[in-house]
Structure formats: structure tokens, C-alpha cells
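Subject: Structure for you to look at

Dear colleague,

Please find the structure below, with the sequence. My notes on it follow.

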Amino acid sequence: MPLKTDDWNRDKQMHVLADERRLAFIDTGGKGPVLVLLHGFTDSSRSFVPMMQFLDQFRLVILDLPGHGASDALGRQTIVPMIDDVVNLIESLSLGSFGLVGHSMGSFVATGVAARLGPGVTALVLLAGARRPRLDNKAIIGPIRALIDPIDPEDPFFNDWLHTTLPVEMDFLQLVRKEAAAVGAAVWNDLLDDFQNIDLAAWAGAVMAPVLSIGGSEDQLFSAKDRAELELVFDRCETTILAGLGHSPHWESPEFVARFISRFANSHFA
């Protein structure tokens, strides 16, 4: 697994959108059922590397969302056009039915995609999600607003931004820091602004797939109240709370989290 090197970028494919922006993705191929994985705010497809070996029974399609990783940014970075881009890529790949997994910001995008694609999505897994992603932690917002390009990956702010409750391999986190720093300050701020306008209830009613919401009990961004509100907006949603894990449970305990995802996804594939 490319945890210690930057080989991850070598295998990315590029999907060219109508406006000539490029959307980068990894496609592991194979004949297994398909899972589409969408990462969180300032992460990239690399976010799912620690968990990949535990999802090897699936064909994984793992995106760099616009403005992240190797994907080109939007003119103004907001969630709705991200949804449009992901739908465009999925339709171009002719995946048929598939499961959809989104972490944090990726869970907002995933909900919009599931609403758009209806019966094509057989299962929707939301990792560290929230109905209304209001980031009101001043210790987080202040440093984001103060970011100036080029962003220094060694800025102490990233110690808080990428905080985990359990140890995560440092070489992996260093690569994650570099990619987060490479996300321009404008993208950080555009998305922070847009989060204030997001309410997943606007899309949840159109989601046909069963939903699994997975949250860490020690999530520093979204609370138990956030998870309870999220569960209520879907027709079929179950919530699993992972004791002792934080906002990135798939980094902290990847095999454990993959087990929940696999069980749920497999139980709903046609």
C-alpha cells in the first residue's frame, strides 16, 4: 500500500469535463461489486488508502473531488457543482448499480449524488456526516480564514485539523498534510462559506438507497446531535457509533470501519 510514498498519484486516471476541467480518480477494476468513495474537505482519494486492503472484494472508484488532489478546481468552490461533476464521471463509467461512501464533506456530495441517481445507488454510507455542517469551532475557523497562499504544510494548524484520537502512521499523515496545504486558500474559504448553506434534508427525501451513518464518539467537528439530526432526514437510516474514534475513523481503525461498510454494502447489492 502506498502509505509511505507518493506513488498513489501515479495510478490516477483523468476524466475531462465539458468545461475541460479534469477530474482525477482511481479505478481498481475487477468484477466485484462497485463502491464509489468520496473523501472529505481538503483530503483527496488518498484518504481511503488505509482502508483499501480491507475492501478488496469490491471494485473501488475513488475520486479526487474538484479542487482537491489532482482534480481541477471550480471557478467558485461549492457543493452542488461538485455533485454535478461526480454524477458526470459515474455516468461516463457506466457502472450500473453501485454503493456510495462519503467521508465528511464527501458525505454531503454523496447524498446529493444518491438523490440524483436514484435506484442506481444501492447503499449509501456516510462517514462522519452531519445534516447541517456548520463549522462553528472558532479554533478551526479562525486559522482557516487566516490562510494565505502558499500554505505551509508544517503550519501547527494542521495538527488540529488532522487530529486523530488513535495513532495514525506519520508518513501517511505527512502526505495528507501536503495535499491539504496544496488546496488553495480560496477553495478552503469558498467551501467553508458554502457549508453554512447546506442542509442535507434538501436532498435526503430523494435518496432511494438505505443509509448507514457511521460516526466516531470523539468526533471533534460533528456531535451526537448532528448525527441524530442526520438520521432523521432519511426514510431508511441506521446509525453506528464507534467508541473512542474521531472524525476520521477510517484512518484510525480502517479494518474495523471497512467491516461495517462491507457488511452493509453487500447486504444491499442486487
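Strand β2 (residues 22-27) and strand β4 run antiparallel and are joined by three bridges. Two strands are said to pair if DSSP finds at least two bridges between them. Helices (H or I, at least four residues) and strands (E, at least two) are DSSP runs, numbered from the N terminus. Asp27 has Val61 as its bridge partner in β4. Strand β3 (residues 34-38) runs parallel to β4, with four bridges between them. Here Leu35 stands opposite Leu60 of β4.

Before going further, note that this is a predicted model: local features need pLDDT of at least 70 and side-chain atom pairs count only at pLDDT 80 or more, while totals for chains, interfaces and linings use all residues. Residues are numbered from 1 along each chain as its sequence is written, and side-chain values use heavy atoms, with hydrogens and water left out.

The predictor's confidence in each residue is pLDDT, on a scale from 0 to 100. Its mean for the protein chain is 95, and 97% of the residues reach 70 or more. Over residues 1-5 pLDDT stays under 50, and the model has 18 contacts for them beyond four places in sequence. Contact means heavy atoms within 4.5 Å. Where pLDDT is low, the predicted coordinates should not be read in detail.

Back to β4 (residues 59-63): five of its five residues are buried. Buried means under 20% relative accessible area, exposed means over 50%, and partly exposed is in between (1.4 Å probe, protein chains only). Arg59, Val61 and Leu63 point one way from the strand, and Leu60 and Ile62 point the other way.

Next, the cores. A nonpolar core is a set of buried Ala, Val, Leu, Ile, Met, Phe, Trp, Tyr and Cys residues joined through side-chain atoms within 4.5 Å. The largest one has 69 residues, of which Val36, Ile79, Leu100, Trp188 and Phe234 touch the most other members. Helix α3 (residues 105-117) gives the most to this core, with eight residues. Another core lies apart from it and has 27 residues, including Phe48, Val49, Leu127 and Ala258. Which residues does Ile79 contact, leaving aside its neighbours within four places in sequence? They are Met105, Phe108, Val109, Leu191, Asp194, Phe195, Ile198 and Trp203.

Helix α7 is mostly covered, with nine of its 11 residues buried. Among the buried residues of α7 are Trp188, Asn189, Asp190, Leu191, Asp194 and Phe195.

Now the aromatic rings. The whole structure holds 13 aromatic pairs. Rings of Phe, Tyr and Trp (its six-membered ring) pair if their centres lie within 6.5 Å; planes under 30 degrees apart count as stacked, over 60 as edge-to-face and the rest as tilted. Phe158 and Trp188 are an edge-to-face pair, because their planes stand at 65°, with the ring centres 6.1 Å apart. This pair links distant parts of the chain, 30 residues apart: Phe158 is in helix α5 (residues 157-161) and Trp188 in helix α7 (residues 185-195). Phe158 is buried, at 1% relative accessible area, and Trp188 is buried at 0%. Both belong to one aromatic cluster, together with Phe41, Phe108, Phe157, Trp161, Phe195 and Phe222.

The rings of Phe256 and Phe260 also form an edge-to-face pair, with centres 5.1 Å apart and planes at 85°. These two residues lie in helix α11 (residues 254-268), four residues apart, about one turn of the helix. Phe256 is partly exposed, at 32% relative accessible area, whereas Phe260 is buried at 18%. Arg263 lies over the face of Phe260, at 5.6 Å from the ring centre. A charge sits over a ring if NZ of Lys or CZ of Arg is within 6 Å of the ring centre and within 35 degrees of the ring normal.

Lastly, some backbone details. The peptide bond from Asp149 to Pro150 is cis, with omega near -10°, and Pro150 is in the loop between α4 (138-145) and α5. Thr42 is not a glycine, yet has a positive phi of about 70°. Thr42 lies in the loop between β3 and α1 (49-52) and is buried, at 0% relative accessibility. Ser104, also not a glycine, has a positive phi of about 50°. Ser104 is found in the loop between β5 (98-103) and α3, and is buried at 8% relative accessibility.

Best regards
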